Amino acid sequence: MPEAKPAAKKAPKGKDAPKGAPKEAPPKEAPAEAPKEAPPEDQSPTAEEPTGVFLKKPDSVSVETGKDAVVVAKVNGKELPDKPTIKWFKGKWLELGSKSGARFSFKESHNSASNVYTVELHIGKVVLGDRGYYRLEVKAKDTCDSCGFNIDVEAPRQDASGQSLESFKRTSEKKSDTAGELDFSGLLKKREVVEEEKKKKKKDDDDLGIPPEIWELLKGAKKSEYEKIAFQYGITDLRGMLKRLKKAKVEVKKSAAFTKKLDPAYQVDRGNKIKLMVEISDPDLTLKWFKNGQEIKPSSKYVFENVGKKRILTINKCTLADDAAYEVAVKDEKCFTELFVKEPPVLIVTPLEDQQVFVGDRVEMAVEVSEEGAQVMWMKDGVELTREDSFKARYRFKKDGKRHILIFSDVVQEDRGRYQVITNGGQCEAELIVEEKQLEVLQDIADLTVKASEQAVFKCEVSDEKVTGKWYKNGVEVRPSKRITISHVGRFHKLVIDDVRPEDEGDYTFVPDGYALSLSAKLNFLEIKVEYVPKQEPPKIHLDCSGKTSENAIVVVAGNKLRLDVSITGEPPPVATWLKGDEVFTTTEGRTRIEKRVDCSSFVIESAQREDEGRYTIKVTNPVGEDVASIFLQVVDVPDPPEAVRITSVGEDWAILVWEPPMYDGGKPVTETTYESTKMIEGILYEMRVFAVNAIGVSQPSMNTKPFMPIAPTSEPLHLIVEDVTDTTTTLKWRPPNRIGAGGIDGYLVEYCLEGSEEWVPANTEPVERCGFTVKNLPTGARILFRVVGVNIAGRSEPATLAQPVTIREIAEPPKIRLPRHLRQTYIRKVGEQLNLVVPFQGKPRPQVVWTKGGAPLDTSRVHVRTSDFDTVFFVRQAARSDSGEYELSVQIENMKDTATIRIRVVEKAGPPINVMVKEVWGTNALVEWQAPKDDGNSEIMGYFVQKADKKTMEWFNVYERNRHTSCTVSDLIVGNEYYFRVYTENICGLSDSPGVSKNTARILKTGITFKPFEYKEHDFRMAPKFLTPLIDRVVVAGYSAALNCAVRGHPKPKVVWMKNKMEIREDPKFLITNYQGVLTLNIRRPSPFDAGTYTCRAVNELGEALAECKLEVRVPQ
C-alpha cells in the first residue's frame, strides 16, 4: 500500500509560491517563541499514530539527479521479542544488499535507554534508474512487519531567477546558521520582481491573439505550411508567430548510437517471456544491458540476440523479481525502460462458507484460490482487515499453500458480521453468526446437615469448563480463609468448610459469571453434646490428581516448577514418607525437596528435568494404621532431532525424504517419518534437514542430507520409423525427445523383440549419439518389434516403440534415376576445370550401374566412376574438348532397367578472326571487314570486340563490344592520322587470347594541317584488389533467405571466387552470386544449419589478390 508522503513535501497550491515559503512574512515585533516541549526523539513529529512495530515509518522522498538520498525509519524494540533483522527491498522482492553496488549503504543504531532502533538507507549520486517503489521489512522471530515508500528522481532545478534562494537567510551577522531571525522580506521582494517579469512575458506572448488550438496545429505542421495556415485562420503578424514558434519548438537531439530506443515501459504476465529490442546505428558497436544498475550476463534466463542492427534481450519465465528498471548502454549513451510483471488473475476455487458458532469458540474461515502465494484482501462489513490491526484485535491470518485462513482463537459477539474475500480475479463472501452459549447445570448443590468440627462440602457441575463463578452466604460473597477453601477443577466448583461452627449455618449460593443463573443450598448445623474422648483416626491421604493421562498421573513440561501438595488426615497426626521408586527421599533443601506443613506434605521440583520422571509413593503412618498412595510423574520436553535422514528417490522436480524417529520423543509421540518435497528446480543442488515437532515444541535440526540434484530422465524419442530393411539388417531413424532437461542426454539404446516373445534384446551395448542405428545379424523372415530409449545420468527414458512388427526381408524396388535439374540440360564446363557429376538413384537390391559414351565404354584413363548404394559419381580431373558428347547412364536390377542421357559440352576461348581488312575509307570513316575464326571454342560466338590504334602511338581504344556482324563502320577518326584495327572473338569463355589485326591501314587524309601530339606520361590506373567493405559475421534464422555483402576495388577488374569452408562454391542453385560495380553479394536461399560455416570471398588480378572472411551461424527457431 502506498504510504502518505510527509508534511514537508506538501507545497502551497499557489502556482508562484516557492516550496517551503510561508504565504505571509511574520511581523518583526513578534519573534517566534521556543516551543515549551520538544517532541520526544523516538516519536514522529506528525500526527500519524505509529502502527505495528514502527515508531516512524520511512517517508517518500524526491531527490535531484546526482545528489544523495537518505531514508530514515525508527522501530520500537519493546514490541519485538529479540533483536530485529532489517531488510530493504526495491520493488516487491528485489532485496538490496552488498551486491547492489557501492552507491547503496545501510546504517543501524540502537538506543538502549528507550529501546528504539534507528535504521537508515543511503543512496549516493541518485540516477533515474533508482526511482520507484521501495519496501522496508522488519523480522524478529515470529514477529514481522513491513511498510513501503517511494523515491522520485527529478532533473536538477533552479529557482525562477536562475539563482539559489540566497535571499532566504537570517538577519544576524553571526556565522551560525541558526542565529538571528529568518529574513522573509528579501525573498518576497525577489518573488514580486520575478512574478512581474513572468506576467509581462506572458502578456507579450499572448498579444498575438491566436487561440491555443491553432498553436497546437502550427507546432505539428511543416515549415512550408506556416503561411497557408496563417492565411486560412487570418493571422497577420507572421513575424511574431514565427518568433513564438521558434521558442516553442525544441530541437530533439538525435541519438548518435541508437536509431530506435526502448519503449518507456513494458508489461508481461508472470511466467511468460518478453523481448526488449533496440536498434543501433553501427553493428560493430558494443552494447551492455543493465537491471537496476547491475550488468546482465547471458544465461538461460537472459538470452541476447543480434539480428542485423537490432539487439534483442529476451527474458524467459518472468517472475516478480524481474519487475525492475532496465537500461542499455552504448558508449556514453543510454536509454531506459521499466518492466512491469503482471500477476495472473487469482480465481477463487473454494469460496467462504457461512458459519454459526458460540461465544468463545475457535473459528476458521478458509478460502482456496488458484495461485500459491497470491495476495487477497479480507473485509468485514465493508472495512478492510489488515495485519496491523490484527495485533490489537483477536484475529490472525494464515496461509497454507493456496488456502487463506482467517482465525479467531476466542470469538466474541463483536466478531459477527459479513466477511468478504477479494482478489484481482473475483470475490466471495459469507456470514459469521455468533450466539451466546447456554450454560447447562449437570449437578446441582445439595442441602447439608453437619455436626460441629465436621467438614461441609458444596459441589456443583456445569457444562462449560471455562466458566468461573462466585459463592455467596446469605447474599454476602464468601472469601477463602484457613477453614474455607474454594476450588475450580474442570467443570466442578467446590466450596469446602472445615471445622464447621454454628455461625456457618445459612443459605449458600453459587452464581456463574456472565449468566443469569444461580444455584442455592442450605447448611444446617447439628449440635450434639458428647463427652470428650481422645480421638483416634487412621491416617488418610486425600489425593486430587489433575493429570488426564491416567489415574494418579501428573504431566509436567521440562523446565517448569512442580509443587505437589498432598492433604493428610489422622489422629494422632501421621508421619509422611516419600519414595522415588524403591528409594526413600528425605531431602528438604535443593532443587528437589520435601516441605512439611500442618495436615499437608508437599513434594517440590523447582525445574523439572527428564531424570525426574518416574513413580513417586507417599506413605503415612500413625499408631492406628497407615495409608499409601502412588503418583506417576511424566516429564515432557521437546524431542531429540530425527536420525538417519536420507533421500530415497529423486525426480525431475521432487524428492522423497525419509528418517528414523528421534531417540527421545519428549513424552509425546512423533509419527511422521516420510516427506515428499515438490516444486524443486531441476539441475540445482539441494540439502535437506528435518525438525521433530511434538506438542511441546520443535527440536534441534537433524544432520543435513548429502547434496542431491533433482534430475529426471528425458522424454521418449519421437517419430521412430524404419528407414531401410534388408535380409539381415534394419535401419531405424528417430528424432530427439521433446524434453531433455538439466541431465542432458548421453545417447540412445536400441532393443528388439521377436513377435510373440516378451524378451527385449539390446542391439547396442554403448549408447549411440546420433538419431539413427542399423541393427545387424537379424534372422531373415522373422517379424520383430523395435524400440528406442534415451539414456542420461538419471537413467532410461520411456521407450519409443514401433506400432507394428517389421518383417526382416529385403523388398525389391525398381531402379529409378533421380537426375539433378542442372543435368537435364546441356552441362557446360570450361577446358581444364573438373567434371564432377553426382547422380542419385533408387533400387533394391543394389542395382548394376553402367556409363557409356556413344554406345562405347568410357576411357578409364580419363574418366573415374565411383558407385555407392544410392548414387554414382562421374569425375574428370581436367576437362578437355574430347570429353564433350552424350553420355548414357543405365541402372539395372535383373530385368528392370532405367536409363538417362547426359549431354556435356567442354568449351574454351575461340580463335581470332581471320582476314581482317580495311575495305573502304571516306571522310573520317572507315569500313572494316573480317571472317569468322576457324575454331569457335566449341561454343556459340556471342560477338566481336573491335579496337583501333593510331599508327604513331599504337595505343588501342575500344570501338565496339559484342558486335554481332563480321563488319563494322568506324566513325569520328581524326584527319591526318593513319589507323590500324584489331578484332577479338567473344564466346561464353570470354575474349579470344589473340586478336586478328588488319593487314592494311585506314589513312585519313588532311589538307595542309599538321598535328603534333603532346607528349605526356600516361597515369597508371592499375592496382591490386582491395576490399573497401569487409564481410561481417552474421546470425540468421533457418528457412529465411540471407545475403553476404562486401565491396572490392582493383584494376584490371579482379576475378571473384566465393568459398565455403575453403571449398569453392560453383554452380549450385542454392547460391546466387552477383557483382554490381564492385559490390559483391552472395545470396543464400533458405539456409539450413548445414549451411553454417566460414565463408570467404577472394578477389584476384595480375597485381595480387585479397581475401575477406566471415562466419555464418544458422539458428533453428524454437
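Me: What makes β70 and strand β73 (residues 967-970) paired strands, and in which sense do they pair?
Reply: β70 and β73 pair in the antiparallel sense over four bridges. Two strands pair if DSSP finds at least two bridges between them; four bridges meet that requirement, and the two strands are therefore called paired. Across this pairing, Ala926 stands opposite Val970 in β73. The model is predicted: local features need pLDDT of at least 70 and side-chain atom pairs count only at pLDDT 80 or more, whereas totals for chains, interfaces and linings use all residues. Residues are numbered from 1 along each chain as its sequence is written, and side-chain values use heavy atoms, with hydrogens and water left out.

Me: Why is strand β70 (residues 925-931) called mostly covered?
Reply: Five of the seven residues of β70 are buried. Buried means under 20% relative accessible area, exposed means over 50%, and partly exposed lies in between (1.4 Å probe, protein chains only). In the chain, buried residues make up 36% of the 1118 residues.

Me: What joins strand β69 (residues 914-922) to β70?
Reply: Six bridges join β69 to β70, and the strands run antiparallel. Val921 has Ala926 in β70 as its bridge partner. The two strands form a hairpin with two residues between them, and Gly923 in the turn has a positive phi of about 55°.

Me: How many helices and strands does the chain have?
Reply: The chain has five helices and 86 strands. Both are DSSP runs numbered from the N terminus: helices are H or I with at least four residues, strands are E with at least two.

Me: Why is Lys56 called buried, and what does its side chain meet?
Reply: The relative accessible area of Lys56 is 19%, which falls on the buried side of the cut-off. Lys56 is found in strand β1 (residues 54-56). A polar contact of 3.4 Å joins the side chains of Lys56 and Asp59. A polar contact is a pair of N or O atoms within 3.5 Å; within protein, one must be able to donate a hydrogen and the other to accept it, and residues adjacent in sequence count only if both atoms are side-chain atoms.

Me: Which strands stand at the edges of the open sheet that contains β1?
Reply: The order of that four-stranded sheet is β1-β3-β7-β6, with antiparallel pairing. Its edge strands are β1 and β6 (104-111), each of which pairs on one side only. β1 and β3 pair over two bridges, and Phe54 stands opposite Val75 in β3.

Me: Why is one side of β78 (1023-1029) left without a neighbour in its sheet?
Reply: The open sheet has four strands in the order β78-β80-β84-β83, with antiparallel pairing. β78 and β83 (1071-1076) stand at the edges with a single partner strand each, so one side of each has no neighbour in the sheet. Four bridges join β78 to strand β80 (residues 1042-1051), and Met1023 has His1051 in β80 as its bridge partner.

Me: Why is Ser649 called partly exposed?
Reply: Ser649 has a relative accessible area of 25%, which places the residue in the partly exposed class. Ser649 lies in strand β48 (residues 643-650). Leaving aside neighbours within four places in sequence, Ser649 is in contact (heavy atoms within 4.5 Å) with Trp654, Ala655 and Ile656.

Me: What makes a set of residues a nonpolar core, and how many residues has the largest one?
Reply: A nonpolar core is a set of buried Ala, Val, Leu, Ile, Met, Phe, Trp, Tyr and Cys residues joined through side-chain atoms within 4.5 Å. The largest has 25 residues, and those with the most contacts inside it are Trp88, Ile123 and Ile151. Strands that each supply at least two residues of this core include β4 (85-90) and β9 (143-154). A second, separate core of 24 residues includes Leu262, Leu276, Cys318 and Tyr326.
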